[in-house]
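Dear colleague,

Please find below the sequence and structure that I am handing over to you. My findings follow directly after.

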Amino acid sequence: IIGEIAGMDELELTQERSKGFTDTLAQAGFKVANRRAARFTADTGQQEAASLLQALPKMDALWNHDDDQGIGVLAAITQANRKEFIMVGGAGSKAAIEAIQADSGVLKATVTYSPSMASSAISLARLIAQNKGMSDLVELQVPKEIILASETITKENASNYLKLGF
């Protein structure tokens, strides 16, 4: 039994995350049993998680779209005294990484949204503005799209990512 605490449903970002999650689960023969949309805040995370926990008296896994909203999600889980499932978050916040490293609750992993993406984007914008290519590549122009890696942080590698947490 799998639950999902999404972000804001009106955002393409949330829609894409939910679709990717649903599609990937379906490939493995699983589906989301209950899904709630929060608003990327701790308060809404807590409210929506409390509702989801009431709707699912037993759960195996919970995916929460955002570590900041996850503060509230984890508060609701603690209030409900639920421990029978694992939770995976998203963003790679310092608080989430520390909780994963401590291994004292249901949060077992988070997936990063590259903490370097803003600085990389500025560097690429500078190259474009200067009509420069990327010196180590054969291309004469900066690529229009660069996909940065999303890393999965677990207890085993949390110490490597702690300095990148925000």
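In this predicted model, helices α2 and α3 cross with a right-handed sense. Their axes approach within 7 Å, at a crossing angle of roughly 40°.

On the α2 side, the contact involves Ala42, Gly45, Gln46, Ala49, Ala50 and Leu53. The α3 side contributes Asp68, Gln69, Ile71, Gly72, Val73, Ala75, Ala76, Ile77 and Gln79.

Helix α4 spans residues 94-102, and its buried residues are Ala96, Ile97 and Ile100. Viewed down the helix axis, they fall within an arc of 100°, and therefore line one face of α4. These buried residues pack against α3, β5, β6 and α6.

Most residues other than glycine have a negative phi. Asp103, which follows α4, has a positive phi, near 55°. Asn81, in the loop between α3 and β4, also has a positive phi, near 55°. With a relative accessibility of 55%, Asn81 is exposed. Ala91 belongs to strand β4, and its phi is positive, near 130°. Ala91 is buried, at 5% relative accessible area.

With kind regards

Notes: Residues numbered from 1 in each chain as written. Predicted model: local features only at pLDDT ≥ 70, side-chain atom pairs only at ≥ 80, totals over all residues. Heavy atoms only, no water. Buried < 20%, exposed > 50% of the residue type's maximum accessible area, 1.4 Å probe, protein only. Helix = DSSP H or I, 4+ residues; strand = E, 2+ residues; numbered from the N terminus. Arc of directions from axis to C-beta. Contact = heavy atoms within 4.5 Å. Axes fitted to C-alpha atoms, helices over the stretch in contact; angles between N-to-C directions. Left-handed = near helix turned anticlockwise from the far one by under 90°.
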